[in-house]
Amino acid sequence: VAGAIFNWQAATLAFFPNFTFGLLGVAPIPKHDLTLHLVCILVAAYGFAYYYASIDFPGNANSVYIGMVAKATVVVAAIIDILLGITSWQILLIIGWDAVFAYLFYGALEDLKKSKGKTK
């Protein structure tokens with residue numbers, strides 16, 4: 001459930017970039033509102049996938065796997081953007097949590113794989 005709540009909060013906060021990024025000192029503040037809003041919808045949708053995974057993890061493991069890959073990719077993209085000077089390091093105050101959840105999702109998927117091996 002924590003992954004779902006994180007995604008819903010991140011989507012809500014990113015929907016208001018002037019407030020959120022301004023508060024965290026992220027510069028420059030993204031100016032592509034349509035793109036940002038579409039990304040917020042996608043992030044919120046993954047929140048629902050994580051919620052359903054909290055109810056039936058084995059049945060929703062594929063959604064968690066896709067989410068894990070997406071979160072890891074977002075972290076890599078953020079680091080590249082920082083190195084290229086497109087954004088400031090403060091973006092990691094938000095994106096860093098994606099790294100944490102990608103790691104937790106990986107561990108949960110590995111545990112699921114091990115438990116399936118024991119039942120065969």
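The following questions and answers go through a predicted model of one chain.

Trainee: What conventions apply to the numbering and to the values?
Mentor: Residues are numbered from 1 along each chain as its sequence is written, and side-chain values use heavy atoms, with hydrogens and water left out. As the model is predicted, local features need pLDDT of at least 70 and side-chain atom pairs count only at pLDDT 80 or more, while totals for chains, interfaces and linings use all residues.

Trainee: Which pattern does the chain follow along the sequence?
Mentor: Helices (H or I, at least four residues) and strands (E, at least two) are DSSP runs, numbered from the N terminus. The chain has 5 helices and 0 strands. Read along the sequence, the pattern is α-α-α-α-α.

Trainee: How much of the chain is made up of buried residues?
Mentor: Buried means under 20% relative accessible area, exposed over 50%, and partly exposed in between (1.4 Å probe, protein chains only). Of the 120 residues in the chain, the buried share is 30%.

Trainee: Among contacts between residues at least 6 apart in sequence, what share joins residues at least 24 apart?
Mentor: A contact means heavy atoms within 4.5 Å. The C-alpha atoms fill a box of roughly 55 × 25 × 20 Å along the principal axes. Of the contacts in question, the share is 62%.

Trainee: Which residues of helix H2 are buried, and what arc do they cover?
Mentor: In helix H2 (residues 17–24), the buried residues are Pro17, Thr20 and Phe21. They lie on the same side of H2, because the arc around the axis, taken from the directions to the C-beta atoms, is only 85°.

Trainee: Which exposed residues does the face of H2 turned away from its buried side carry?
Mentor: H2 is followed by Gly25, which has a positive phi near 80°. The face turned away from the buried side of H2 carries Asn18, Phe19 and Leu23.

Trainee: Is Thr87 buried or exposed?
Mentor: Thr87 lies in the loop between helix H4 (61–83) and helix H5 (92–119). Not counting residues up to four places away in sequence, Thr87 touches Val26, Ala27, Pro28, Asp81 and Ile82. Its relative accessible area is 16%, so Thr87 is buried.

Trainee: How are the rings of Phe15 and Phe16 arranged?
Mentor: Rings of Phe, Tyr and Trp (its six-membered ring) pair if their centres lie within 6.5 Å; planes under 30 degrees apart count as stacked, over 60 as edge-to-face and the rest as tilted. By this rule there are 8 aromatic pairs. The centres of Phe15 and Phe16 are 5.6 Å apart and their planes are at 75°, so the pair is edge-to-face.

Trainee: And what is the arrangement of Tyr50 and Phe105?
Mentor: The ring centres of Tyr50 and Phe105 are 4.8 Å apart with planes at 50°, so the pair is tilted. This pair links distant parts of the chain, with Tyr50 in helix H3 and Phe105 in helix H5, 55 residues apart. The arrangement asked for is tilted.

Trainee: Which helix gives the most to the nonpolar patch?
Mentor: Val1, Ile5, Phe48, Tyr51, Tyr52 and Ile55 make a nonpolar surface patch of about 600 Å². Tyr52 is in helix H3 and counts as partly exposed at 47% relative accessibility. With 4 residues, the helix that gives the most is H3 (residues 33–55).

Conventions: Patch = residues over 30% accessible without salt bridge, like charges linked within 9 Å, V, L, I, M, F, W, Y side chains within 5 Å. Areas by Shrake-Rupley, 256 points an atom, 1.4 Å probe, with all protein chains shown as cover. Salt bridge = Lys/Arg side-chain N within 4 Å of Asp/Glu carboxyl O.
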